[in-house]
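Please read the points below beside the sequence and the model.

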Amino acid sequence: MVAFIIRRVLQGMMVMVVIALIGFAIKQSFGDPVREITGISVSAEEREALREELGLNDPFMVQFGRFLYNAAHGDLGQSFFYKKPAMEVILSKAPATLELVFCSAILIVLLSVPLGIYCAIRPKQLFAKFVMGASTVGVSIPVFLTAIMLIYIFSIELHWLPSFGRGETVNIGGWQTGLLTWDGIKHLIMPTVALSSIMLPLFIRLIRSEMMEVLQNEYIKYAWAKGLPPLRVWIVHAFRNTLLPVITVGGVQLGITIAFTILTETVFSWQGMGSMFIQAVERADSSLMVAYLVVVGFIFVVVNTVVDIIYGLVNPTVRITGRK
Amino acid sequence: MQPLLEVKNLCVEFAMRSQVLRALRDVSFTIGKGERLGLVGESGAGKTLTGFSILNLISKPGYISGGSILFEGRDLAELTIEQIRDIRGNRISMIFQDPMMTLNPVLTIRTQMVETIKAHQKISDKEAEKIALDKLQRVYIPSPEKRLDQYPHELSGGMRQRIVIAISLLTNPGLIIADEPTTALDVTIQAEIMDLLLELCRDEDMGLLLITHDLAVVSEVTQKIAVMYAGRIVEMGPTRDVVDHPEHPYTRGLIAALPQSCDQGQRLLQIPGIMPSLANLPSGCSFHPRCELCQDICKREVPVLETKASGRHVACFMVK
């Protein structure tokens, strides 16, 4: 198991190096940092000297090595717009996004598991058909449209929920959380629903189809033949086997959810990493964009590594390979 | 004396979109306490379906459309799902064909054994585990304590089938239904498993319904044999008699088709034609298009299983 985890972590680090390389390459081709620092009034000689001083004349690989070294120490360059280290800017925006993704992941798991199982074991029930129909609609409507419709119904027509921002937040050890105030939670509801609107139906469908396939297996028929209670057959025998593919896909999808936050955050003016990234693009803040890329890539890799490890815990066959 | 299991005129149908397929028709047989019955026939004859319908495990769109299944004084065909769950794996155990597929890959042997006992008895995990260990020893599994913590993929095919047999013994059932228990195994392992099954049935006085297409296995293990063709039993009697002196033309064809009934160097015999599909059964006796004794009456009327002069039950007009 330890060897298995070490291998996965090493693989994750390899992926991070590749992501950093791509990010660095983008930054390199994005324009001249010297001009951005100095402005136009500085002479060519002075610029050249500054260039030498900043190490911009070094070979690509040397510069990349330096970038990697700094990145590993948490330094991803300066944001031109904020005049602060990019990392600091991202970290100040991260809690908003992470809370949104977290709530949405919880919502997805809490709803998709029971609904998916139900639709798999009672596919002909009216309610199951309704859920499947609704999920098709859910998958087909883009996030921003769902978000706008939610705002129209619950903010403009009904005045139940606020339409933008995070509301009142509480600072706990540097983490601005909206989860502890009623106002913050009210602000969270619609963005969470909007963010889940694509993934939730996808997960219901995934769990349903995987579960239906598992239910066809001989060992399920055997479980019935042993006279086990229905709940045990469905949950312990069928769902545990359903989990394996769901965890794999689920990990990747959780990463994609982070990407979808860009849309959701923009519509709800949610001050998180997603809207920060859009602003960075508009301001051509290349350091901040690359930093975002690296940080999101890092979250992706961490999530996938954790998923792999969980998969190993659920699937005994993987664990054995890991032991060797 | 009341037999352990008495299946009377069992009919199973499948409601398909355009028609109703009659998969089992008037299947009747009895198994006494400690008696072993072999159910043989080609693929698709309805052997497995018969076994599954006893525990009402037929998958939709199949259903029992008639007849009764009397077991220990109750008609299993009339029981609710809750009531039959109490019989399944408790009074009647099943052994499936492929031990690679029967055990759940993500659960330990311990879980799969303990849950079976706990589904039927109010008992602590510790006690259930003791029973499990005892049964594992009963099927000659080396170091049974170690097996409990293993997963199915860590065990060989023969070992897994032994575990399935051990699971079937957990609640000391009156009857075991074994559906081709050795088909998926190596020949050498096959013999071991059949010997084990025979020994257990004898020692525990358990009834056995052995479903197979292997006549050699049936003649070694069972006392009675029932031959099925296209959803009906066509011949039934003591195993020795039927194998040595088959009366129904289909049984005769089956026995003649065994390689050992031919001289060396001779072409193997076979029954001409194939078994008809259920959707397209011939009129009269389902076997008539392949039968060498076929007369006009065979094409018009369906022969019923009746006691012939020899005391054998045969469904054929041409056998007196």
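The numbered points that follow begin with the basis of the values and then go through the structure by topic.

1. Basis. This is a predicted model, in which local features need pLDDT of at least 70 and side-chain atom pairs count only at pLDDT 80 or more, whereas totals for chains, interfaces and linings use all residues. Residues are numbered from 1 along each chain as its sequence is written, chains are lettered from A and ligands numbered from 1 in the order in which they are written, and side-chain values use heavy atoms, with hydrogens and water left out.

2. Cavities. A cavity is taken here as a set of points, on a 1 Å grid over the protein atoms alone, where a 1.4 Å probe fits but cannot get out, and its lining residues have an atom within 4 Å of a point. Grid points are joined across faces, edges and corners, and a volume is the space filled by probe spheres set on the points.

3. Linings. Among the residues that line the largest cavity are Tyr229(B), Arg232(B), His248(B), Cys285(B) and Phe287(B); by class, its lining has seven nonpolar, three polar and one charged residues. In this classification Ala, Val, Leu, Ile, Met, Phe, Trp, Tyr, Cys and Pro are nonpolar, Asp, Glu, Lys and Arg are charged, and the others, Gly among them, are polar. The second largest cavity holds about 70 Å³ of space, and its lining, with nine nonpolar, two polar and no charged residues, includes His248(B), Cys285(B), Cys291(B), Cys298(B) and Cys316(B).

4. Cysteines. A search of the whole structure finds zero disulfides over all chains. Cys285(B) counts as buried at 12% relative accessibility, and Cys298(B) counts as buried at 6%, where buried means under 20% relative accessible area, exposed over 50%, and partly exposed in between (1.4 Å probe, protein chains only).

5. Open sheet of chain B. Strands (E, at least two residues) and helices (H or I, at least four) are DSSP runs numbered from the N terminus, and two strands pair if DSSP finds at least two bridges between them. Four strands of chain B form an open sheet in the order 2-1-4-5 with antiparallel pairing; its edge strands, each pairing on one side only, are strand 2 (20-31) and strand 5 (74-75). Strand 1 (residues 5-15) and strand 4 (residues 62-71) of chain B pair in the antiparallel sense over eight bridges, and Glu6(B) has Leu70(B) in strand 4 as its bridge partner.

6. Strand 6 of chain B. Both faces of this strand (residues 92-95) are covered, with Ile92(B) and Met94(B) on one side and Ser93(B) and Ile95(B) on the other all buried. Four bridges join strand 6 to strand 7 (residues 175-179) of chain B in the parallel sense, and Ile92(B) has Leu175(B) as its bridge partner in strand 7. Ser93(B), at 2% relative accessibility, touches Ser168(B), Pro173(B), Leu175(B), Ile176(B) and Ile177(B), not counting residues up to four places away in sequence (contact means heavy atoms within 4.5 Å).

7. Chain A. Gln11(A) is found in helix 1 (residues 2-28) of chain A and is partly exposed, with a relative accessible area of 40%. The C-alpha atoms of Gln11(A) and Ser79(A), which are 68 residues apart along the chain, are separated by 30 Å.

Note on methods: 1 Å grid on protein atoms, 1.4 Å probe; cavity = no way out; pocket = protein on both sides within 12 Å on 5 of 7 lines; lining within 4 Å. Disulfide = S-S within 2.5 Å.
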